Each structure stands twice: as structure tokens, then as C-alpha cells.
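Me: I have a model open and would like to go through it with you. Could we start with the contacts and then turn to the ligand?

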Amino acid sequence: MRPEFLIEEWDETHPRWHEFVDCLETVSPEQAPFVFGECYRMHQSYLLVALQVSEVVGFIRFAVQPIGPEVKCPALRLDGVQLTEAKIHAFAVRQDARSQGIGTALQRQTIWRARELGCYQVASYSSYGRQANHHIKLSLGFAAQPEVHGANQQGVYFLLPLQNIAL
Ligand SMILES: CC(C)(COP(=O)(O)OP(=O)(O)OC[C@H]1O[C@@H](n2cnc3c(N)ncnc32)[C@H](O)[C@@H]1OP(=O)(O)O)[C@@H](O)C(=O)NCCC(=O)NCCS
């Protein structure tokens, strides 16, 4: 039987916030700038943590932002309403807790929360080589746009629309 886990939403005032920071810095320090960097604090951010035997074993961090300004384009509107997206900035699960469905559960909870927050879509960028992340995104139905950043940084831009398609 797979060990169980819980997902909770924490903010920076949570008394155990430092445990998330420890997990981030231990498991995936390269993602820390996307949590603490000044430009990633411009919009309201949300944190979901996965707890197993009461320890933080994984997390996902996303911000709700207008669609467009991040890439210096005008904000998109639909019927006069400015559209927002949940942009994932950090996502990792501790090595010894992987392959138990925790990462997928964190993504599913993000999708649910983004819909609740009125977002039009969930967005995420991931470099090539992150096969488990790509597998999760594609399995959940994200659309994928491979692209090259800078000189030769290959990655995939993933987008999941949250509106029901009515044809
Ligand atoms: C991405 C990550 C969070 C996934 O966490 P996880 O808890 O292991 O995720 P899950 O158990 O829910 O699912 C992993 C899936 O990837 C699949 N997978 C794992 N390694 C894979 C590989 N090399 N190629 C293809 N699929 C792979 C697993 O089979 C599983 O799919 P399944 O449930 O359909 O069998 C974790 O691997 C991680 O922390 N990676 C390092 C940080 C990272 O890459 N973050 C993304 C930042 S862009």
C-alpha cells in the first residue's frame, strides 16, 4: 500500500513556513530564485505543500497574474474582463517521496485552486530533461509548445485552459 499524504495551502505567516523553505533549498535549490526573486513577488502567490508523516515532502508555488504583461504584451481581455492565469513558479517532490502520485496531486490541486480563483488558464514553463514533470503535464491534458529561450535553452511552455469548451 502506498504511504498516504496530505496537501495543505500555506502562506508566509504559517508557523511552519521555514519547513517549506528548507525543503525547497534541499530538494530543488535552483528553483529558489523563482520563489524569492523580487519580480516573482509582484503578484499574489500561493503555496501548496505535500505532507507525509507530518514532514514537508513536496510543494508547488504559483502566482495569479494577468495574461500578457509578463512578456511585455498588453493584458488580454474577454468581454471587457481582464484574464488571469495561475503561473507555476516552483514544483518539486523530495527524492524519497517520488513516484507515489504526490506531484500529480499537487498539480491537480493547483488546477482546482486556479479555477476557484477565477483564472482563465494554468501556465508553466519547463526545460527539456524534466521528464517526470513533462509526463505529468501531458497526462493531465496540458497543451505543449516547445520553444528555445536565449541561445540554446530548449524548453516547453505548458498551458491548460480552465473554461469548459462549448462547441
Ligand atoms: C516532477 C516531480 C515533482 C514529480 O513528482 P512525483 O511525486 O514523483 O510525481 P508523480 O508520482 O505524481 O508522477 C510522476 C510521473 O512521472 C513518471 N516519470 C518518472 N520519471 C519519468 C521519466 N524519466 N520519463 C517519463 N516519465 C517519468 C512516473 O511514471 C509518473 O507517472 P505515472 O503516475 O503515470 O506512472 C519530481 O520528479 C521532482 O521533484 N523533480 C525534480 C524537480 C522538477 O523537475 N520540477 C519541475 C520544475 S520545471
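Reply: This is a predicted model. Residues 24 or more positions apart make up 63% of the chain's contacts that have a separation of 6 or more.

Me: How many helices and strands does the chain have?

Reply: The chain has 4 helices and 9 strands. In sequence order they follow the pattern β-α-α-β-β-β-β-β-α-β-α-β-β. The radius of gyration is 16 Å, close to the 15 Å that the globule rule gives for 167 residues, so the chain is as compact as a globular protein of that length.

Me: And what does the C-alpha trace span along its principal axes?

Reply: The span of the C-alpha trace is about 45 × 35 × 35 Å.

Me: What percentage of the 167 residues is buried?

Reply: Buried residues account for 27% of the 167 in the chain.

Me: On to the ligand. Which residues come nearest?

Reply: There are 19 residues around the ligand, and those that come nearest are Arg98, Gly103, Thr104, Gln131 and His135. Two or more residues of the shell are given by each of β6 (84-93), α3 (102-116) and α4 (131-139).

Me: Which element gives the most to that shell?

Reply: That is α4, which gives 6 residues to the shell around the ligand.

Me: How does the shell divide by class?

Reply: The shell around the ligand has 11 polar residues, 6 nonpolar residues and 2 charged residues.

Technical notes
Residues are numbered from 1 along each chain as its sequence is written. This is a predicted model: local features need pLDDT of at least 70, side-chain atom pairs count only at pLDDT 80 or more; totals for chains, interfaces and linings use all residues. A residue is near a molecule or strand if its C-beta atom, placed from the backbone, lies within 6 Å of it. Ala, Val, Leu, Ile, Met, Phe, Trp, Tyr, Cys and Pro count as nonpolar, Asp, Glu, Lys and Arg as charged, and the others, Gly among them, as polar. The radius of gyration is taken over C-alpha atoms; the globule rule is 2.2 Å times the number of residues to the power 0.38. A residue is buried if 20 or more other C-beta atoms lie within 10 Å of its own, exposed if 12 or fewer, and partly exposed in between; C-beta atoms are placed from the backbone. Two residues are in contact if their C-beta atoms, placed from the backbone, lie within 7 Å.
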